[in-house]
Every structure is written in structure tokens, then in C-alpha cells.
Amino acid sequence: MVSVRGLAHQYPDGTRALRGIDLDVATGEAVVLLGHNASGKSTLLKALTRLIEPTEGAITLDGTNVIAAGPRDLRTVRGRVGTVFQSINLVDQVSVLSNVIHGSLGRQSSPRNWFAWMASSATRDEAMECLERVGLAPFASRRADQLSGGQRQRVAIARVLMQRSRIVLADEPVAALDPRAGREVMDLLWQIVAEHELTLVCSLHQLELAESYGDRVVALQNGRLLLDGRIGDLSRADLAGLYAADAGSARADEPAAELGDLVDRAASGGPR
Ligand SMILES: Nc1ncnc2c1ncn2[C@@H]1O[C@H](COP(=O)(O)OP(=O)(O)OP(=O)(O)O)[C@@H](O)[C@H]1O
């Protein structure tokens with residue numbers, strides 16, 4: 001379970017990226033986070049495990065008070081929260097198998113687990129099973145930087161399995177992929193989340209994907225939580241509200257056009 005109250009973050013240059021966010025995500029629930037560029041999605045996802053230190057607010061992840069956690073507890077929390085980020089993802093210079101084994105560092109922090117060849121056979125076997133689940137067992141000994149973008153995200157998903165995470169944070173996991181690879185990665189992520197009853201918060205730019213995968217959708221605008229609901233239930237006013245962003249915090253780009261399409265379709269009662 002993820003519980004956030006009054007979460008705020010101000011960057012050192014004065015940018016207020018998050019302003020009083022309240023959010024609850026139940027265990028086993030998958031939430032899609034939407035919003036224009038610069039609305040605060042990445043900041044929120046990073047703040048949940050204090051990769052970015054919140055300026056104010058409370059965060060509880062599966063019962064742990066993240067804000068009060070000392071360095072040791074924070075390491076444990078981070079070790080148990082899976083991440084599928086667009087950046088900060090795999091260690092390029094080591095093998096795919098080592099990257100998956102790194103997922104176990106939070107629960108068995110043996111330095112042997114930095115490299116596949118040093119890990120115990122039980123750890124290696126478990127990591128191989130995780131790679132098999134994402135269809136990448138044949139790539140186990142390949143260096144991570146020799147994979148395609150879609151394969152890299154699959155490795156990140158295998159690492160989530162190896163972590164035995166209960167909570168997964170995904171920051172635009174398919175933004176850099178072509179539509180087909182993006183769908184494949186999204187299918188896999190959603191299957192694994194459902195199989196293991198994981199709690200997922202996943203930011204997406206593509207409304208099309210949000211419509212396909214997002215049961216519950218949370219939208220941010222200019223650091224504030226703008227709406228929270230089932231995508232099928234969102235009214236035109238809700239969606240149109242996404243446009244009220246101040247000009248300084250949103251760029252006129254493709255996601256804006258997609259949001260516009262949805263507003264138009266919702267207004268005309270046409271198919272989504
Ligand atoms: N390191 C930083 N220093 C100062 N301001 C920052 C920093 N990182 C992000 N910001 C600002 O914080 C705001 C929120 O950024 P954030 O990256 O969280 O938005 P986002 O919704 O994830 O955007 P995108 O969809 O473009 O990835 C933006 O105004 C951004 O310019």
C-alpha cells in the first residue's frame with residue numbers, strides 16, 4: 001500500500017514541483033499517473049523512496065514511515081520497491097544476469113551478489129527463472145548495453161521479480177520504445193503485477209496506453225493532483241482541466257495533442 005499526505009517538493013532553484021499531493025494506492029492496485037511535461041510525475045515517483053528528498057509531507061509504503069526512516073531502513077525500503085524507470089535503470093557494463101541478481105541486494109546484501117559469477121548457485125538459479133519469465137534467458141550472459149530498449153525494460157521487470165517487490169514504480173517505462181515494443185513491455189508489466197498482486201504506480205505519456213491499461217488514473221498538473229478516477233468515468237471537464245496548466249509548466253507537444261483528442265472524443269460521445 002502507498003499512502004501520501006501533503007507531499008511537496010521544491011528544487012533548490014525554487015521550482016515547486018509538487019504541491020500538497022494526497023494519494024492512496026491500495027495493495028494490488030495499479031494506478032496510471034498522467035500529466036503534461038513538467039507536471040511533477042517523475043519528481044513524485046522519485047520522492048516516494050526519497051531519491052528526491054520531499055520538502056514536506058508524509059509517505060507510508062507497506063506500513064513503513066518513509067520520511068522517518070533512518071539510512072538503514074531507507075535502504076531496506078528501496079531494496080524492496082521495484083523500479084522500471086526510463087533512465088537510472090540497468091548497469092550497462094555487467095551482464096544481464098548480474099543486473100537481475102542485483103535485485104536481491106536489498107534482501108541479501110552480500111557483496112557476492114554484485115556479479116553473477118560470484119553469486120550462489122541458488123541466487124543464480126532464481127535470477128535465471130526471472131529471466132525466463134520475461135523471455136530473456138538466452139540473453140543472460142550478454143552485457144546490458146548490448147540489448148534493445150524493450151529488452152532492457154524486460155530485464156528491469158525481471159529485476160523487480162528478483163527483488164520480490166510488493167510495490168513497483170514505473171516512470172514512463174515505454175516512452176523510448178516503438179509502439180509494438182511498448183505494448184509488449186506494458187503487457188508483461190501488467191501481467192506480472194496481476195500475477196503477484198503487486199501495487200503499481202506507472203507514469204505514462206500516451207493516453208492510448210493509459211486507456212488500455214489504466215484502471216485508475218491520477219493526473220498531475222503543475223505539481224498538484226488534478227484528478228483521480230476511473231478513466232471511463234472521467235468527465236469532459238475533468239479532462240479539459242488538464243489544459244489549464246500555466247504556459248510556463250507545459251510544453252506544446254505530442255501528449256498534449258493526445259489529451260486533446262480524448263477531450264474531443266469524450267465531448268462528442270464518440271468511441272474512445
Ligand atoms: N533537478 C531539478 N532542478 C530544478 N527543477 C527541476 C529539476 N528536475 C525537475 N525540475 C522541474 O520540476 C518540475 C517537475 O518536473 P518532473 O520531471 O517531475 O515532471 P514530469 O511530469 O515527470 O515531466 P516529463 O513528463 O517531462 O518527464 C518541472 O518544472 C521541472 O523543470
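(Helices here are DSSP runs of H or I with at least four residues, strands are E runs of at least two, and both are numbered from the N terminus.) Residues are numbered from 1 along each chain as its sequence is written. This is a predicted model, so I kept in mind that local features need pLDDT of at least 70 and side-chain atom pairs count only at pLDDT 80 or more, while totals for chains, interfaces and linings use all residues.

**Helix α5**

I checked the length of α5 (residues 149-163) next. Its 15 residues should span 21 Å at 1.5 Å a residue, and the end C-alpha atoms are 21 Å apart, which agrees. The expected span is 1.5 Å times one less than the number of residues. Then I looked at burial: 13 of the 15 residues in α5 are buried. (Buried takes 20 or more other C-beta atoms within 10 Å of the residue's own, exposed takes 12 or fewer, partly exposed is in between, and C-beta atoms are placed from the backbone.)

**Core**

Which residues have the most contacts inside the largest nonpolar core? They are Val100, Leu131 and Ala158, in a core of 65 residues. α5 gives the most to this core, with seven residues. (A nonpolar core is a set of buried Ala, Val, Leu, Ile, Met, Phe, Trp, Tyr and Cys joined through C-beta atoms within 7 Å.) I listed the partners of Ala158, leaving aside neighbours within four places in sequence: Val100, Cys130, Leu131, Arg133, Val134 and Leu136. (Contact means C-beta atoms, placed from the backbone, within 7 Å.)

**Asp178**

I found Asp178 in the loop between β7 (167-171) and α6 (179-195). Buried or exposed? Asp178 counts as exposed, because it has 11 C-beta neighbours inside 10 Å. I also took its C-alpha distance to Gly149, 29 residues away along the chain, and got 9.2 Å.

**Sheet**

I traced an open sheet of four strands, ordered β2-β1-β4-β5, with antiparallel pairing. β2 (16-25) and β5 (64-65) stand at the edges with a single partner strand each, so one side of each has no neighbour in the sheet. (Two strands pair if DSSP finds at least two bridges between them.) I zoomed in on β1 (residues 2-10) and β4 (residues 56-61), which five bridges join. Ala8 stands opposite Glu56 in β4.

**Whole chain**

Last, I noted the totals: the protein chain has nine helices and 10 strands, and buried residues make up 41% of its 272 residues.

Methods. Contact = placed C-beta atoms within 7 Å.
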